[in-house]
Amino acid sequence: MKKLSILLFSFVFISASGLAQESTTKQGHTNQNKFKQLKEELATPNSQHTASGAPGVDYTQQKVDYQMDIVLDDDTQRIYGNETIRYHNNSKDDLEYLWVQLDQNMRAADSKTPDIQPTRIPKKLSKKRYENRFPETAFDGGFKIESVTNLDGSNLSYTINQTMMRINLSSPVNSGETFEFKIKWWYNINNHRTQGGRSGYEHFPDGNNNYVIAQFYPRMCVYDNVEGWQNDQFWGRSEFALEFGDFTVNITTPEDHLLGATGVLLNEEEVLTKKQQQRLAEAKQSFDKVVVIHSQKEAEKVEKKRATKTKTWKFKATNVRDYAFASSRKFIWDGMAVAIHGKTVMAYSYYSREANPLYGDHSTKAVAQTLKTYSEYTFDYPYHKAISVDGQMGMEYPQICFNLGRPDADGSYSDKVKYRMIKVTIHEVGHNFFPMIVNSDERQWTWMDEGLNSYMEMLAELAYDKDFPITRGYPKNIVKYMSGDQSKIAPIMSKGDNVYSFGSNAYGKPATALWILRETIMGKELFDHAFKTYSQRWKFKHPTPADFFRSMEDASAMDLDWFWRGWFYTTDVTDIGIKGVKKYQTKTGEQDTIEFVEDTSEGLSFATSNASSKFHYEITYNKPGGLVMPVIVEFTYKDGTTERKTYPAEIWRYNDQEITKVFSSDQEIINIALDPDLETADVDTSNNNFPKKKDTKFSNFKKNIKG
């Protein structure tokens with residue numbers, strides 16, 4: 001017994017020593033598997049943002065109400081404003097100061113925005129472009145803050161840091177309390193056609209101006225449990241983070257102006273003519289055709305004169321995150337009713353004669369289609385109207401957006417011009433859903449509104465015209481960007497201000513990712529349900545990327561962490577190829593066994609055929625690209641028929657470099673092709689076929705051109 005114990009002890013000791021010695025000769029590694037869960041990347045769930053991706057029982061958000069009196073001075077191109085802000089602190093924190101956004105300060109004389117932009121001297125410029133780029137007198141932009149006061153008129157201490165203003169409170173706004181204060185300001189409106197910008201005015205040769213006005217008032221920053229105060233500076237690209245609230249707005253304009261704005265018009269009888277009121281009532285009953293409320297002939301008559309008197313438009317907007325308006329004596333106005341599951345919503349367009357007939361033919365119809373499509377896939381549009389304005393830019397605000405597109409001087413327009421105008425209109429109207437209602441942080445995560453909206457835009461475009469020329473979102477359209485210079489590519493999960501290829505990063509690639517999820521990985525039914533779940537969970541709330549990722553998985557029972565990691569956290573590419581194929585037939589062996597006999601002849605054809613045997617193919621797929629994706633294979637048989645097989649992305653979980661699969665058939669295969677419909681954004685299709693396709697003269701020509 002004693003001897004046995006000694007032997008056992010010796011065995012354990014030797015084994016342990018051997019293991020210890022082995023561990024010192026081999027290096028370990030961390031988990032680099034591409035199917036690793038996103039535990040490290042995503043914020044830890046809590047009672048505000050839960051593990052399911054839904055808002056939790058302790059979710060809170062602030063509310064901000066505005067009462068504004070605005071004057072648009074057409075003679076000086078200035079905005080004058082007075083506002084009373086009522087801030088509701090619904091958080092559980094006591095706030096020792098408040099932060100206000102001063103977006104117009106991006107154009108102030110001391111703005112740092114121009115200083116961070118690289119510039120070079122061009123070889124030549126037109127005289128007009130030269131004058132715009134090198135003006136003799138610098139534009140006097142930015143907010144001119146005249147006063148910041150308490151309701152009783154006493155001064156409030158404040159500090160301005162570029163595009164942000166801190167309100168220095170004498171005592172904190174405690175949890176559950178409200179705080180009211182006033183700001184008085186004015187600013188010079190920029191000419192957005194010569195100076196650029198997300199709002200401003202356009203000056204016409206006839207002396208008139210079209211105004212598309214936004215970011216015109218000091219706006220409260222978001223305060224939440226994710227970022228605290230979202231007071232990142234506005235550099236001009238990454239857009240906005242805003243709180244919901246109620247707006248009461250009075251806008252004074254020249255008497256001959258026609259104005260469209262966020263909110264319900266309260267004094268229709270005071271600002272519209274009897275004829276306009278009658279036509280507006282007709283439009284509200286017209287679900288199948290657009291009704292012209294103020295015609296081109298009438299607009300042309302008005303724009304030849306200048307009113308000396310003013311009028312005030314009064315609006316009330318409930319539960320919106322922002323406010324914008326458009327005003328001009330040049331505007332034509334049309335509209336139609338849209339039925340959204342028993343509710344009537346109005347689609348309107350305001351445009352100058354320079355934009356007609358393009359806008360008259362398509363603008364309001366595109367607005368209506370957008371509302372229908374987005375409501376089908378997300379939630380019913382909750383507001384009473386949506387407006388498209390001939391603003392010659394692409395910008396979005398609650399219930400109103402400013403869009404591109406004009407015909408030639410003779411009124412004709414090409415399909416290219418038409419489709420571009422419709423595309424921009426659908427995209428900007430679609431922003432009413434993302435981020436105007438599903439209220440993500442644009443300053444931090446551009447893709448959460450631009451990417452999701454670009455995906456939804458595709459569905460609306462195809463509903464408007466089944467042959468719509470989609471320019472982004474299809475996998476083949478993102479290949480050039482993803483296979484490009486890596487020094488100019490950033491992961492989708494990057495702040496927009498810091499991204500070089502902004503359009504592809506924030507719009508094209510995330511839209512493509514969602515398209516692939518729906519069409520190739522999840523399927524329409526699972527994807528649509530999960531996407532609608534996310535949208536309905538977070539309407540009128542502030543979601544984060546984690547809320548989106550988790551909701552999509554929670555509502556579909558699909559583990560998509562591998563997909564989010566590859567497509568959103570890296571700049572990896574899809575490249576899957578066929579490394580090699582072995583082919584076999586069977587014969588009966590000894591003792592009633594079946595033996596597999598390899599045919600080593602070249603290609604897929606068999607040198608000899610055994611009529612009693614199936615055709616067996618051992619196919620090795622390799623993956624030069626970093627992304628794990630499904631392997632979509634199309635087999636072409638000798639009789640010309642085809643069969644497809646899709647292996648889920650999880651096939652790469654054990655070996656990220658290559659995998660081997662056996663495929664058996666009753667007849668010979670003559671060709672094997674990967675991703676035949678270009679569903680996965682494969683950046684190199686030269687390795688997608690076996691036998692490998694021979695280069696044609698045209699393909700060689702293209703290679704030489706690229707070189």
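**The whole chain**

Start with everything shown as a cartoon: the chain has 15 helices and 31 strands. Helices (H or I, at least four residues) and strands (E, at least two) are DSSP runs, numbered from the N terminus. This is a predicted model, in which local features need pLDDT of at least 70 and side-chain atom pairs count only at pLDDT 80 or more, while totals for chains, interfaces and linings use all residues. Residues are numbered from 1 along each chain as its sequence is written, and side-chain values use heavy atoms, with hydrogens and water left out.

The C-alpha trace spans about 105 × 75 × 60 Å along its principal axes. Colour by accessibility next: 54% of the 707 residues count as buried. Buried means under 20% relative accessible area, exposed over 50%, and partly exposed in between (1.4 Å probe, protein chains only). Of the contacts in the chain with a separation of 6 or more, 74% are between residues 24 or more positions apart; a contact means heavy atoms within 4.5 Å.

**The largest pocket**

Select M106, R107, P114, Q195 and G196. Of the 37 residues that line the largest pocket, these are the closest to its centre. The volume of this pocket is about 1400 Å³. On a 1 Å grid over the protein atoms alone, a pocket is an open set of points where a 1.4 Å probe fits, with protein on both sides within 12 Å along at least five of seven lines, and lining residues have an atom within 4 Å of a point. Grid points are joined across faces, edges and corners, and the volume is the space filled by probe spheres set on the points.

Helix α2 gives the most, with four residues.

**A four-stranded sheet**

Move to the open sheet with the order β8-β9-β18-β14, where the pairing is antiparallel. Its edge strands, β8 (200-203) and β14 (258-261), each pair on one side only. Two strands pair if DSSP finds at least two bridges between them. Neighbouring strands here are turned by 10 degrees against each other on average, direction ignored; the axes are lines fitted to C-alpha atoms, and angles run from 0 to 180 degrees between N-to-C directions.

Zoom in on β9 (residues 209-213) and β18 (residues 325-328), an antiparallel pair held over three bridges. Which residue in β18 is the bridge partner of Y211? Select S327 to see that partner.

**A hairpin further along**

Select residues 631-637 (β27) and 642-647 (β28), which run antiparallel and are joined by six bridges. I632 stands opposite T646 in β28. The hairpin has four residues between the strands, and G640 takes a positive phi near 95 degrees.

Select T425 in helix α8 (residues 415-430). T425 has a relative accessible area of 0% and therefore counts as buried. Show S363, A366, V367, S388 and N403 as well: T425 touches these, not counting residues up to four places away in sequence.

Helix α13 (residues 545-554) is mostly covered, with nine of its 10 residues buried. Among them are F548, F549 and M552. The cover over the buried residues includes α9 (447-464), α11 (502-521), α12 (524-538) and α14 (561-569).

From α13, follow the loop to α14 and select A557. This residue is not a glycine, yet A557 has a positive phi of about 60 degrees. Is A557 buried or exposed? A557 is exposed, with a relative accessible area of 75%.

Q591, in the loop between β24 (577-588) and β25 (594-599), also has a positive phi, near 55 degrees. Q591 is exposed, at 77% relative accessible area.

For cis peptide bonds, select N356 and P357, where omega is about 10 degrees. P357 lies in the loop between β20 (343-351) and α7 (358-377). Then select F690 and P691, joined by a cis peptide bond with omega of about -5 degrees. P691 is in the loop between β31 (689-690) and α15 (697-706).

**Last stop: cysteines**

How many disulfides does the structure hold? It holds zero, a disulfide being a pair of cysteine sulfur atoms within 2.5 Å. Select C221, which is buried with a relative accessible area of 0%, and then C401, also buried at 0%.
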